[in-house]
Amino acid sequence: MNRSSNSHASLFLMEMMIAIMLFSLASAVCLRMFAACHQIGEETRDLNMAVYQAGNAAELLRHSLKSKEGAQDAFPGCIQAEYPQAVMEGAALMVYYDAGWKPCQEPGSAHCMEIVQSQEEGLALYEIQIRNMDGQEGEIYSLPLKLHQPQRP
């Protein structure tokens, strides 16, 4: 009789160990899924903000080319008026953002918007590129822009 209860107790203990192992395996899988979902959410937020910031810069450039007073200094004047922290680096204008997508200075920035201008017959060509600066170098979004330059007397 004593052997039978001992064998039942060890069998119950073995079942409990297997159940705990299965639950811990399931929780590890769930934690990995939550971490992956968080990463995808962060990437989506960055992409949405990059699209918004590039569109904002494109609209500023478009508006400045159409206005009479802004046509002489459309680039980089219109961007620097909106983003006073913008920096001219060679032929490119750089606007730096912190992790919360607020314009900031280059040290400590998490993202960078680079705007490069070139000319073609009657067209102003702009390449707006937004990329990560915080260790994960890579382009988030790029927007090529062609704007007609009206002839001024």
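Helices, of at least four residues, and strands, of at least two, are taken here as DSSP runs and are numbered from the N terminus. In this predicted model, the protein holds two helices and six strands, and from the N terminus on these elements follow the order α-α-β-β-β-β-β-β. The protein has 153 residues, of which 28% are buried, and its accessible surface comes to about 10,300 Å², with 62% of that surface belonging to carbon and sulfur atoms. Among the contacts with a separation of 6 or more, 37% are made by residues 24 or more positions apart.

**Strand pairing**

- Strand E4, which covers residues 111-120, pairs in the antiparallel sense with strand E2, residues 92-97, and six bridges link the two.
- Strand E4 also runs antiparallel to strand E5, residues 123-132, to which 10 bridges join it.
- E4 and E5 together form a hairpin with two residues between them, and in the turn Gly122 has a positive phi of about 70°.

**Nonpolar cores**

- The largest nonpolar core has 24 residues, and the members that touch the most others in it are Leu61, Ile79, Met113, Ile115, Tyr126 and Ile128.
- Helix H1 gives the largest share of the core, with six residues.
- Another core lies apart from this one and consists of five residues, including Ala92, Met94, Cys104 and Cys112.

- The side chain of Ser64 reaches the backbone oxygen of Leu61 at a distance of 2.9 Å, and Leu61 is itself one of the residues that touch the most other members of the largest nonpolar core.

**His111 in strand E4**

- His111 lies in strand E4 and is buried, with a relative accessible area of 2%.
- A polar contact of 3.1 Å connects the side chain of His111 with the side chain of Asn132.
- Leaving aside residues up to four places away in sequence, His111 touches Asp46, Val95, Tyr96, Tyr97, Asp98, Ala99, Trp101, Arg131, Asn132, Met133 and Ile140.

**Cysteines**

- A disulfide is a covalent bond between the sulfur atoms of two cysteines.
- With a limit of 2.5 Å between the sulfur atoms of such a pair, the count of disulfides comes to zero.
- Cys104 is in no disulfide, and the nearest cysteine sulfur, which belongs to Cys112, is 9.7 Å away.
- Cys104 counts as buried, because its relative accessibility of 16% falls under the 20% limit, and both Cys104 and Cys112 are among the residues of the five-residue core.
- Cys78 is buried as well, with a relative accessible area of 13%.

Notes. Residues are numbered from 1 along each chain as its sequence is written. This is a predicted model: local features need pLDDT of at least 70, side-chain atom pairs count only at pLDDT 80 or more; totals for chains, interfaces and linings use all residues. Side-chain values use heavy atoms; hydrogens and water are left out. Two strands pair if DSSP finds at least two bridges between them. A nonpolar core is a set of buried Ala, Val, Leu, Ile, Met, Phe, Trp, Tyr and Cys residues joined through side-chain atoms within 4.5 Å. Buried means under 20% relative accessible area, exposed over 50%, partly exposed in between (1.4 Å probe, protein chains only). A polar contact is a pair of N or O atoms within 3.5 Å; within protein, one must be able to donate a hydrogen and the other to accept it, and residues adjacent in sequence count only if both atoms are side-chain atoms. Contact means heavy atoms within 4.5 Å. Accessible areas come from the Shrake-Rupley method with a 1.4 Å probe; for residues, only the protein chains shown count as cover.
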